[in-house]
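Biologist: Please take me through this model feature by feature, giving the general idea before the case at hand.

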Amino acid sequence: MVKMISIHSSRGGTGKSLIASNIAAILASEGRNVALMDFDFRAPSLLTVFQARNAVRNWLNNYLDGKAKLEDVMNDMTEKYKTKGTLYVGFANPDMEAMREMARKDRKWQMRALRRVMAMKQELDDKLGVEIVIIDTSPGVQYASVNAVVSADISVIVSSLDQLDIEGVERMASDLYKPFEKKTCILVNKARPHMFVSEESKRNLLDEVSGHFSQPLVAIIPCYCDILLAQRVSLFALDRPEHPFTWALREVAKRLETLAE
Ligand SMILES: Nc1ncnc2c1ncn2[C@@H]1O[C@H](COP(=O)(O)OP(=O)(O)OP(=O)(O)O)[C@@H](O)[C@H]1O
Ligand SMILES: [Mg+2]
C-alpha cells in the first residue's frame, strides 16, 4: 500500500523543498519507488531543483483540474539521477498566470481537488508501482496544503526555532492537525550550529526544543554553510552522500517510513 508523507510548515523558508526533494532522492537511491509532488502552487520550486522545464509534458495543476492524465504529469527522473528505485516528480506550473489561477480557485474546486489527490494516491500505486509519495507544500493553511496534509499518512512540520515559527506551528497544530486527527511530527531545521559542539549544548538544545513543541520530534538539523554555499541548485544528498546533512535526512527518511505504517 502506497504511503503519503507531506512536508509542511507554518511560515515560509524553513527548508521544506530542500528536505522534501532530498528525502525523495535518498529513498529512491535506496531502491524505493518514489513520487515527489510540488503542491506549492503559489511559488513552485521543484522545477528549478530538477532543471526539468523541457521535459515536462503536463502540470499537476491540470491533473487537479481533471484535465490531465497521471502518466502525463509524472516525470521519470530515474535515469537522470541514476537512482536504484524509480523517482517520479510532478511539477507545479511556475508561470505567473498559472499561479494566479490556482490562487483564485474556490472551496468547491478545492474539495474536488481533494478527491483527485486521494484518487491519485491509488493510481500511483496501481499504474506506476509507487511505494512512497512525498508532497512539498506551501506554508500555512492554503487549500492545496490542507489537501496534502489531509491525504497524507503522516505530516512533517518543518520549523526553525524562531519564536514566530514556534507559535505558528502551535496554532496550526491546534487549528488544522488536531481536528483532522493527523499523525504529525516536527523536524527542527536550521538550528544554530554552535548548539551541536558539545554533549552539554546538545542536551540543552533538546530540552529547549521539547519545551516548544507538543508533537513528536523526528530530527534537529543544523544550518550548514555547505548548503548555503552550494554553487548550483541541486540534490545535495546525491552530490554529497557523506555530508552530515545527508546522514541526518537518511535517518529521517527511515523513521518516516516506519511512522507512516
Ligand atoms: N539546514 C540548512 N542549512 C542551510 N541552508 C538551508 C538549510 N535548510 C534549508 N536551507 C536553505 O534555506 C533556503 C530555503 O529553503 P527552502 O526553499 O527549501 O524552504 P521552503 O520552506 O521550501 O521555502 P518556501 O516556504 O518559500 O517554499 C534555501 O536556500 C535552502 O537551501
Ligand atoms: Mg518551498
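Modeller: A crossing of two helices is called left-handed if the near helix is turned anticlockwise from the far one by less than a right angle, and right-handed if clockwise; helices (H or I, at least four residues) and strands (E, at least two) are DSSP runs numbered from the N terminus. The crossing of helix 7 and helix 8 is right-handed. The model is predicted, with local features needing pLDDT of at least 70 and side-chain atom pairs pLDDT 80 or more, while totals for chains, interfaces and linings use all residues. Residues are numbered from 1 along each chain as written, chains are lettered from A and ligands numbered from 1 in the order written, and side-chain values use heavy atoms, without hydrogens or water.

Biologist: How many cavities of 30 Å³ or more does the search find?

Modeller: A cavity is a set of points on a 1 Å grid over the protein atoms alone where a 1.4 Å probe fits but cannot get out, lined by residues with an atom within 4 Å of a point; its volume is the space filled by probe spheres set on points joined across faces, edges and corners. The search finds one, and the volume of the largest cavity is about 30 Å³. Its lining includes Phe-39, Trp-109, Gln-110 and Asn-147, with the largest share, four residues, from helix 7.

Biologist: In what order do the strands of the sheet run?

Modeller: Strands pair if DSSP finds at least two bridges between them. Eight strands form an open sheet in the order 3-4-2-5-1-6-7-8, with mixed pairing. Strand 3 (74-76) and strand 8 (217-222) each have a single partner strand, so one side of each lacks a neighbour in the sheet.

How values were computed: 1 Å grid on protein atoms, 1.4 Å probe; cavity = no way out; pocket = protein on both sides within 12 Å on 5 of 7 lines; lining within 4 Å.
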